[in-house]
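Let's take a friendly walk through a protein model, looking at rings, charges and surfaces along the way. Have the structure open beside you as you read.

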Amino acid sequence: MGRNVYGLDLGTYEIKVFDLKKNEIWKEKNVIAMKDNTTVFASGDDAFAMYEKAPDNIQVVFPMQGGVIAHFDDMQYLLENLLKKERQFSRGAEYLVAVPTDVTEVEKRAFYDLVSHSSARAKSVRIVERGLADGVGAGLPVDETPGVMVVNIGGGTTELSVLAFGGMVLNRLLKIGGEQFDQAIIHLVRHSKDFLIGRTTAESLRKEFGIFTQEDSASLSVSGRDLIFGVPNTKKVPISLVRAAMKEPLEECTEAIRVMYERTPPDVRKGIRENGICLTGGLANLKGLSTYLQESTGLPVAVAEEPELCAVKGLRTIAQDKHIYKKLTYSMLDEDYRWLR
């Protein structure tokens, strides 16, 4: 192909971009730092390095919340800045944007407008349902499979998608992800030990302990603030406390998976029983998660290779293959745009 195409996967905490001309994938944190609520102080990875460490006059802002664009102007500035940053993005390029299916028409339109109204002067902007992009990026035979479930667990959301013969059968977006797990850990540590830890510390505990191993006596020393004496301190947090904190959001995820499976048409459900669940997203590699889901749902579960990059790798495959490009992408300007029919 002689054209240039950018594939964009705009996650709650990270932006992944595929550049067709350079044939490369890169990613940066989806965050900006504002000084006195008026001036952009830093963006991307530089801004994230200031998270929970910035002085009072600098606010660290995440433009995406719950899988959708919450601060449009901030998101547009961030995207334009990252595309220019050391990469000299091409004007007049085509853009493929991975978008959650289970969002409102207005929220979906915001993804389209984000690029079409930017200084990139895009030649075209086409939408790809993220569940389909995930399936393609995970190497699933999306066009041929009689049924498979893709579960994308990210930083702020979990997206459940049932795919069959190149289409989306069912889709649901849950407001459960790494953020909710970490907040649950922070809350339980605070109330059980009168000890306040930050989000990054909670994330370290989650990654260290996971959710399903035979180990039950381990603990990890972490830094925080003693709420009784009001001073910085170090305390040991046991693995049992972290597991207990994550129990409720995990059960909510598994219940949503069971409900979606039960709602699936019988023929597609048979395909899911054979093909199982494909686990993608940034939390897919969490220790023991695949085992937990398999035992909780009774379905086989496999973790995709490089699960956090599945959607953007799917966009790469779609951009390079004219057949699936025409089949799986659409423009919100198309006359037969299905949500407007």
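Where is the place of F229? F229 lies in the loop between β15 (219-226) and β16 (231-238). Before going further, keep in mind that this is a predicted model.

**A patch on the surface**

Is F229 buried or exposed? With a relative accessible area of 64%, F229 is exposed, because anything over 50% counts that way.

**A cluster of rings**

Now turn to the aromatic rings. The count of aromatic pairs comes to 5. One of them joins F48 and Y51, and this pair is stacked. Another joins Y51 and F62, and here the pair is edge-to-face. Here are the values for these two pairs:

| Pair | Centre to centre | Angle between planes | Type |
|---|---|---|---|
| F48 and Y51 | 5.8 Å | 20 degrees | stacked |
| Y51 and F62 | 5.3 Å | 90 degrees | edge-to-face |

Why do the two pairs get those names? Planes under 30 degrees apart count as stacked, and planes over 60 degrees apart as edge-to-face. That is why 20 degrees makes the pair of F48 and Y51 stacked, while 90 degrees makes the pair of Y51 and F62 edge-to-face.

What does the pair of Y51 and F62 tie together? Y51 lies in the loop between α1 (45-48) and β6 (58-61), and F62 lies in the loop between β6 and β7 (64-65). The pair therefore ties together parts that are 11 residues apart in sequence.

Y51 and F62 are both buried; for Y51 the relative accessibility is 18%. F48, at 23%, is partly exposed. Ring pairs link F48, Y51 and F62, along with Y13, into a cluster.

**Charges over rings**

The charged end of K29 sits over the ring of F48, 4.7 Å from the ring centre.

**A buried spot in a helix**

Finally, find T254 in helix α7 (residues 239-263). Is T254 buried or exposed? Its relative accessibility is 2%, so T254 counts as buried. Leaving aside residues up to four places away in sequence, T254 touches Y292, L293, S296 and T297.

Notes
Residues numbered from 1 in each chain as written. Predicted model: local features only at pLDDT ≥ 70, side-chain atom pairs only at ≥ 80, totals over all residues. Heavy atoms only, no water. Phe/Tyr/Trp six-rings, centres within 6.5 Å; stacked < 30°, edge-to-face > 60°. Buried < 20%, exposed > 50% of the residue type's maximum accessible area, 1.4 Å probe, protein only. Helix = DSSP H or I, 4+ residues; strand = E, 2+ residues; numbered from the N terminus. Lys NZ or Arg CZ within 6 Å of the ring centre and 35° of its normal. Contact = heavy atoms within 4.5 Å.
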